[in-house]
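Student: Hey, can you walk me through this one? I'd like to go through the sheets and then some side chains.

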Amino acid sequence: MSRIGRTPIPVPEGVTVTVEGRTVTVGGPGGTLSRQLPGEITLRQEGSSLLVERPDDQRHNRALHGLTRSLVANMVTGVTAGFVKELEIVGVGYRATAKGPGELEMALGFSHTVPVRAPEGITFEVPAPTRIRVKGIDKELVGQVAANVRGLRRPEPYKGKGVRYAGERVVRKAGKAAK
């Protein structure tokens, strides 16, 4: 049995979980998230916790057991606390400015500024011109938006300039050797 899959998911006060057919909906103070359960995996509520169960030990069901438990647990965490990804901008003249809760304008060394618009449910914060926070209740969407912003100017290996995750270590290469 999957060690992750069999762990019950605690449901805090103020969070409602409804399972209708193959769809699980989690609502809380942060908002509402919905997801289709994969395969033959079932979800049942027992007191103030959720249990993810699989019908048998087939390889496919074993693979989906822990995954489904993690996805539902992330939904519960998202509607209560939310998720944040922090990005750093490194480079002379590289900066970000907030144009609104869901809009950024970034100067990344191009001849023009790069506008970034967040999808619904995602907000940007710019605490400093070289730091960006991507916030939201959907963990996958927060991670994807952060990856898209990072992809606008990935950190290059020679000077380390570009957009990187906070705390990301960029492996530097040596430049040309002088004769």
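Predicted model: local features only at pLDDT ≥ 70, side-chain atom pairs only at ≥ 80, totals over all residues.

Student: OK, what order do the strands take in the open sheet of three?

Tutor: The order is β8-β9-β10, and the pairing is antiparallel. Strands here are DSSP runs of E, at least two residues, and helices are runs of H or I, at least four residues, both numbered from the N terminus. Two strands pair if DSSP finds at least two bridges between them.

Student: Which strands stand at the edges, and why does that matter for their sides?

Tutor: β8 (95–100) and β10 (114–117) do, and each has a single partner strand, so one side of each is left without a neighbour in the sheet. Neighbouring strands of this sheet are turned by 25 degrees against each other on average, direction ignored. For angles, axes are lines fitted to C-alpha atoms (for helices over the stretch in contact), and angles run from 0 to 180 degrees between N-to-C directions.

Student: How many bridges join β8 to β9?

Tutor: Five, with β9 covering residues 103–107 and the two running antiparallel. In that pairing, A98 stands opposite L104 in β9.

Student: What holds strands of a sheet together in general?

Tutor: They pair through backbone hydrogen bonds, either parallel or antiparallel.

Student: Next, what do β3 and β4 form?

Tutor: A hairpin, with two residues between them. β3 (residues 23–28) and β4 (residues 31–36) pair in the antiparallel sense over six bridges, and G28 has G31 in β4 as its bridge partner.

Student: And the sheet with four strands, what's the order there?

Tutor: That open sheet goes β11-β12-β7-β13, with antiparallel pairing. Its edge strands are β11 (122–128) and β13 (162–165), each pairing on one side only. β7 (residues 83–90) is joined to β13 by four bridges, and V90 stands opposite G162 in β13. Helix α2 packs on the sheet, touching β7, β11, β12 (131–136) and β13, and its direction makes about 10 degrees with that of β7. Touching, or contact, means heavy atoms within 4.5 Å.

Student: Let's look inside α2. Is V145 buried or exposed?

Tutor: V145 is buried, because its relative accessible area is 7%. Buried means under 20%, exposed over 50% and partly exposed in between, using a 1.4 Å probe and protein chains only. V145 sits in α2 (residues 139–151). Not counting residues up to four places away in sequence, V145 touches P119, I122, F124 and V134. I122 is 23 residues apart from V145 along the chain, and their C-alpha atoms are separated by 8.2 Å.

Student: What about H65, which helix is it in?

Tutor: H65 is in α1 (residues 59–80). H65 is buried too, with a relative accessible area of 0%. A polar contact of 3.3 Å joins the side chains of H65 and R54. A polar contact is a pair of N or O atoms within 3.5 Å; within protein, one must be able to donate a hydrogen and the other to accept it, and residues adjacent in sequence count only if both atoms are side-chain atoms.

Student: Last topic: what lies over the face of F110?

Tutor: R153 does, at 4.3 Å from the ring centre. K85 lies over the face of Y165, at 5.3 Å from the ring centre. A charge sits over a ring if NZ of Lys or CZ of Arg is within 6 Å of the ring centre and within 35 degrees of the ring normal.

Conventions. Residues numbered from 1 in each chain as written. Heavy atoms only, no water.
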